[in-house]
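Me: I have a structure open on my screen and would like to learn how to read it. Could you take me through it, one feature at a time?

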Amino acid sequence: MAYTIEQIARALGAEAAGAPDIEIDRVAEPADAGPRDLALATKPEYANALPLGAARAAMLWEGADWRALGLEAAIMAPRPRYAMAGLSRMFDTGEGWGEGVHASAVIDPTAELGDDVHVAPFAVIGARARIGAGTRIGPHASIGADAVIGDGGLIRDGVRIAARVRIGARVIINPGAVLGGDGFSFVTPEVSGVEAARSTLGDQGDAEAQSYARIHSLGSVRIGDDVEVGSNSSIDRGTVRDTVIGDRTKIDSMVMVGHNVVVGNDTLLCGMVGLAGSARIGDNVVLGGQVGVGDNIFVGDRVIAGGGTGILSNVPAGRVILGYPAMKMESHIEMYKGLRRLGRLYADVADLKKAVIKPAKSD
Amino acid sequence: MAYTIEQIARALGAEAAGAPDIEIDRVAEPADAGPRDLALATKPEYANALPLGAARAAMLWEGADWRALGLEAAIMAPRPRYAMAGLSRMFDTGEGWGEGVHASAVIDPTAELGDDVHVAPFAVIGARARIGAGTRIGPHASIGADAVIGDGGLIRDGVRIAARVRIGARVIINPGAVLGGDGFSFVTPEVSGVEAARSTLGDQGDAEAQSYARIHSLGSVRIGDDVEVGSNSSIDRGTVRDTVIGDRTKIDSMVMVGHNVVVGNDTLLCGMVGLAGSARIGDNVVLGGQVGVGDNIFVGDRVIAGGGTGILSNVPAGRVILGYPAMKMESHIEMYKGLRRLGRLYADVADLKKAVIKPAKSD
Amino acid sequence: MAYTIEQIARALGAEAAGAPDIEIDRVAEPADAGPRDLALATKPEYANALPLGAARAAMLWEGADWRALGLEAAIMAPRPRYAMAGLSRMFDTGEGWGEGVHASAVIDPTAELGDDVHVAPFAVIGARARIGAGTRIGPHASIGADAVIGDGGLIRDGVRIAARVRIGARVIINPGAVLGGDGFSFVTPEVSGVEAARSTLGDQGDAEAQSYARIHSLGSVRIGDDVEVGSNSSIDRGTVRDTVIGDRTKIDSMVMVGHNVVVGNDTLLCGMVGLAGSARIGDNVVLGGQVGVGDNIFVGDRVIAGGGTGILSNVPAGRVILGYPAMKMESHIEMYKGLRRLGRLYADVADLKKAVIKPAKSD
């Protein structure tokens, strides 16, 4: 679907300049842009590539001289990265799944589907499940018994939503994500070596090796409104209460959320983050790629953790952390500098020993 | 399904107190518990929340004064966490899939199904596969040719069990897990830079850049009895022999087990553990979240590794380890303390240099 | 299918010795080998196990004395590990899926299938998708609208290939892999705490907590020829342009490739590698297990990174690196030695202080 420059600018609340009637089919990087593309040149260094393409119009930074860039029209936004949100929504062509309920889907007669629900081929919807209006269920998705999904959701192919999971409105679940796998909860008949090593910080004592008994997951998973979950991520059921993801929280691909975890609102969990059982993560937190949080650990509001951080103890609100084990980012940078110079330090100390303890012939 | 306090206590081998006939529908946390729930208040601090709910009965710690807590009945177990195993089994309501073989399932005529096998919609069972009595196969699961699954198993939705995989009895495989992906095994025509860097510990020499030839995985995967595998985990096929998981070993969500790996009995692999090709893990081992084990590495019986540990060399039996690279947990804690004080150490050495080498004006 | 020793040697371009007519059904490890198996004894230490089995023939190292090992025939190759590539291909028995297009598959009438394409039960192929000749599509795979897959590919069970993904020839995609999940790209209305913390290296300033707006992924994923993708891996769509994987690059199980990432040719990404958004990885790179690469980071050609390396800054071509944060492998090994002796260093400095600043009674 095509939009004019004027229509796009109005939709974004941005300023249009030049020919308002140029029609745009899609957005493109400057070098790839054709005459019906809107080139994204939101910084001067990106605009350098405009001559490599054939764009007549571009999204530019505020105050850019679009004529000097050889363009016929431009859209200028005060925060172009934010304008990209609206722009990308306009030009999203979707999954191409079609409409309605496919004849092959297996839908329990007791399930309730809202208006305009799409169900793709081979989807399975269990007993008493409720799917909100306008929600789209992809191919091979399975929705368990008594699960609830709000309005306007997008459940992509092969998503697994287990029994009793409750999901809010406008949620996007990417392919292969699992909501409601069993929690990893086992117990030995007697106190185990792990329990001993944890209390002694390293000594597992003489506990007998034992086999594990399973603690079944009686809780389920509860997901707020406007949440996204990335491809092949996994959110486990709680043991007694539910595992909870707050409103507007975004979860990247291949993130693992353990049983009983509670994640707040407006939080970002980047790719491959792992949250062990009963961890609690606050609001407006950002955990970078491959961050790990230990079981029962508390991470306060507005904490930011750099990629790979291993969080093994509680983190107060507002802290910016890095490292394994995690420390304040400033401390980590200092420590890392110290580590890089460690060879020099050893040499200095050896020199000092020679100077001070000369006669003693230290080894 | 409801049970009386007396029935529950008898099933758990625990002590009942108070009114034995109170009927219980489910278990709940104290603050959420209604009059037909068994509140879980297994420590005094949990019992504090009982007044927030409406429980008439609770599971308590041994010797607790249930009357003083305002209850009409109580169950007391010497190790309440262990009693939770039996209790959670009694109240597990399952996946709600129904019974029998769904008409949509595609089952090869040469496959053999035991008594009371359930096959959910759209499951696929390949040629000569054998499914043990009472095993339940979820929606969209695919079982490859010649695969064998023992009795009483639970294979949840979207699980992939490849050709020739053999699985023991009473196994639980969570949604999206893959058993029998191909091993990651490639070879270059000549000695590669990686082979050189490994033998020199850092110098890849002047090996030519080369393309890779594929080594096909001729082995499969063998899983013992009473094993669990978490959501979206992956266990690769062996190259010639099988990749092996021992009896009663529990694997969490998003764990990766490479080709030719052998894991012993009664071992726990927590979330996001990664075992590279040909690693060998002993019995009664516990690897915490995000632990990595290098290829061909041996980890002895009863080793415990804290979260995020990177195991790049062999670990003798019984050791408790932490860190990247892994070291004894005590050593790691000492080292970490030293790291935190490194700035101070640099300052001390600078002071010493000034004091000792005053006239030399060292830089 | 059986081959004679002579046929095998000819196919591998290797030397045969002894009885050329012995028929071989499969390859086996020496201790497991029966009379119709080819034992793999490519090093003297492996050959020690030959007497435990019943092999009449073996693959040996160059110059091995096959008669002294009690064999009737042998195949000798100059680089046996490389010969294993051809040998394993000959004896690969495949997935046992059968041929043709299964009646249950849902194939859009506008999709185009080449000659000899196999489509397994419950596969879904979207509008205008094109599948190359000889490609095999497994059970429950879903191929999105306008997706293109080249000739001779193997798309295993439950693979998700989203709309507009383009894949080259002879590609192998293992079960549960997702190609074309949405990129993790969000933006706040105003500058966020993360943007501030990145520019200050640790101070997020007083940015207000904000909610995120979604940037839709308009790009897709482009995969070269002869690529492999492991089980449950995930490759996200690009924001405007495509995420790109070069020719002959091999991706292990549970690897995550973020949006806009570009990976070169002949590169290996081992298990659980994570590449954050817009990372660029060169040709002939090897990233070990659980390696993480930060967003927008550049990793040059022929870089080798050991397991668990955290790459938070650009890496020049040819470097061998290890550690978190990454450093040259030699430097890391030096640093690690220094770390192990840190307690001794503290003791030395304390002694020096005592010796030098005796009267001052420092704390």
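Reply: Happy to. Let us begin with a term: a residue is called buried when its relative accessible area is under 20%, exposed when over 50%, and partly exposed in between. Keep in mind throughout that this is a predicted model.

Me: Which residues of H3(A) are buried?

Reply: In H3(A), the buried residues are A:Pro80, A:Ala83, A:Met84, A:Ala85, A:Gly86, A:Leu87, A:Ser88 and A:Met90. The helix covers residues 80-90 of chain A, and 8 of its 11 residues are buried, so it is largely enclosed by the rest of the structure.

Me: What share of chain A as a whole is buried?

Reply: Of the 363 residues in chain A, 61% are buried. As for secondary structure, chain A has 6 helices and 39 strands. Its radius of gyration is 27 Å, well over the 21 Å that the globule rule gives for 363 residues, so chain A is more spread out than a compact globule. You can see this in the C-alpha trace too, which spans about 90 × 65 × 30 Å along its principal axes.

Me: Now for salt bridges. How many are there over all chains?

Reply: The idea is a side-chain nitrogen of Lys or Arg within 4 Å of a carboxyl oxygen of Asp or Glu. A search of the whole structure finds 63 of them over all chains. Take B:Asp25 and B:Arg36, whose closest N and O atoms are 2.6 Å apart. B:Asp25 sits in the loop between strands S3 and S4 of chain B, and B:Arg36 in the loop between S4 and S5, so the pair ties together parts that are 11 residues apart in sequence. Both partners are partly exposed: B:Asp25 has a relative accessible area of 35%, and B:Arg36 has 36%.

Me: Where do B:Lys337 and B:Glu334 lie?

Reply: Both are in helix H5 of chain B, 3 residues apart, which is about one turn of the helix. B:Lys337 is partly exposed, at 45% relative accessible area.

Me: What about chain C: which parts of the chain does the pair C:Arg128 and C:Asp146 link?

Reply: Here the salt bridge is 2.8 Å from N to O. The pair links distant parts of the chain, with C:Arg128 in the loop between strands S11 and S12 of chain C and C:Asp146 in the loop between strands S14 and S15, 18 residues apart. C:Arg128 is partly exposed with a relative accessible area of 45%, and C:Asp146 is also partly exposed, at 30%. Salt bridges can share partners as well: A:Glu95, A:Arg156, A:Glu228, C:Asp182, C:Arg214 and C:Arg237 are joined into one network that way.

Me: Which residues gather in the patch of negative charge on the surface?

Reply: For such a patch, look for like charges within 9 Å, on residues with over 30% relative accessible area and no salt bridge. In this model A:Asp203, A:Asp206, A:Glu208 and B:Glu330 form one on the surface. B:Glu330 belongs to helix H5 of chain B, residues 329-340, and counts as partly exposed at 40% relative accessibility.

Me: Let us turn to the backbone. Which peptide bonds are cis?

Reply: Among them is the bond from A:Tyr324 to A:Pro325, with omega near -5°. A:Pro325 lies in the loop between strands S38 and S39 of chain A. In chain B, the bond from B:Tyr324 to B:Pro325 is cis, with omega near -5°, and B:Pro325 is found in the loop between strands S38 and S39 of that chain.

Me: What is the phi of A:Asn296?

Reply: A:Asn296 has a positive phi of about 65° although it is not a glycine; look for it in the loop between strands S34 and S35 of chain A. A:Arg302, not a glycine either, has a positive phi of about 60°. It is placed in the loop between S35 and S36 of chain A and counts as partly exposed at 26% relative accessibility.

Terms used:
Residues are numbered from 1 along each chain as its sequence is written. Chains are lettered from A and ligands numbered from 1 in the order in which they are written. This is a predicted model: local features need pLDDT of at least 70, side-chain atom pairs count only at pLDDT 80 or more; totals for chains, interfaces and linings use all residues. Side-chain values use heavy atoms; hydrogens and water are left out. Patches are made of residues with over 30% relative accessible area and no salt bridge: like charges are joined within 9 Å, nonpolar side chains (Val, Leu, Ile, Met, Phe, Trp, Tyr) within 5 Å. Accessible areas come from the Shrake-Rupley method with a 1.4 Å probe; for residues, only the protein chains shown count as cover. Lys and Arg count as positive and Asp and Glu as negative; His and the chain ends are not counted. The place of a charge is taken as NZ of Lys, CZ of Arg, CG of Asp or CD of Glu. Helices (H or I, at least four residues) and strands (E, at least two) are DSSP runs, numbered from the N terminus. Buried means under 20% relative accessible area, exposed over 50%, partly exposed in between (1.4 Å probe, protein chains only). The radius of gyration is taken over C-alpha atoms; the globule rule is 2.2 Å times the number of residues to the power 0.38.
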